[in-house]
Amino acid sequence: MSVPELSVQIKNTPGQLVQVTTVLAEAGVNIRGIAASSSGKMGWVRLLVDQTKIAEEALEECGIAAEIGEALAILLDDETGALDQALRILADERINVDYIYTCGMQPEGKLLVVMGVQTPGKAEKLLKQHGVEIADLFN
């Protein structure tokens, strides 16, 4: 399902990522998924958290710009080709995946995969039609 995701741009220097995680921990926000990457002097952090609005406010109070967006979360079997099949469904319909990350194993041996796509609702519907399990992280 489409899930709220927090995006934060940080400097690519030691201590920047821990500053983000410390602010969230002190605000009582649980991080359920995280991906971080950098290029040159800047980096991006994408987070799935249990309290998106509180996280955004806490970060901004500390001078860290945060943006809430929507991402698609699916559950895949932990087996060869599962991700390929899901991505092929999207590619065949010309839906581009802007980014992708996993959040570790879930109950029943499933892998949580988070994707950024331009049309999460359309992608979700298409994947459901092909039997891909859509994650419901907040129920």
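Me: Why is R94 called exposed?
Reply: The relative accessible area of R94 is 78%. Exposed means over 50% relative accessible area, buried means under 20%, and partly exposed lies in between (1.4 Å probe, protein chains only). R94 is therefore exposed, since 78% is over 50%. This is a predicted model, in which local features need pLDDT of at least 70, side-chain atom pairs count only at pLDDT 80 or more, and totals for chains, interfaces and linings use all residues. Residues are numbered from 1 along each chain as its sequence is written, and side-chain values use heavy atoms, with hydrogens and water left out.

Me: Where is R94 found, and what is its phi?
Reply: R94 belongs to the loop between helix 3 and strand 5. Its phi is positive, about 60 degrees, although R94 is not a glycine. Most residues other than glycine have a negative phi.

Me: What confidence does the predictor assign to the chain?
Reply: The mean pLDDT (the predictor's confidence in each residue, from 0 to 100) is 92 for the chain, and 97% of the residues reach 70 or more. The highest mean, 97, belongs to helix 3 (residues 82-92), and the lowest, 86, to strand 5 (residues 97-106).

Me: How many helices and strands does the chain have, and what makes a run count as one?
Reply: There are 4 helices and 7 strands. Both are DSSP runs numbered from the N terminus: a helix is H or I over at least four residues, and a strand is E over at least two. In order from the N terminus, the elements read β-α-β-β-α-β-α-β-β-α-β.

Me: Why is T52 called buried?
Reply: At 11% relative accessible area, T52 falls under the limit for burial, and it is therefore buried. T52 lies in helix 2 (residues 52-61). Leaving aside residues up to four places away in sequence, T52 is in contact (heavy atoms within 4.5 Å) with P4, L6 and I68.

Me: How do you know whether the radius of gyration of the chain agrees with that of a compact globule?
Reply: The radius is taken over C-alpha atoms, and the globule rule is 2.2 Å times the number of residues to the power 0.38. For 139 residues a compact globule would have a radius near 14 Å; the chain has 16 Å, so the two agree. Along the principal axes, the C-alpha atoms fill a box of roughly 45 × 35 × 25 Å. Buried residues amount to 37% of the 139 residues.
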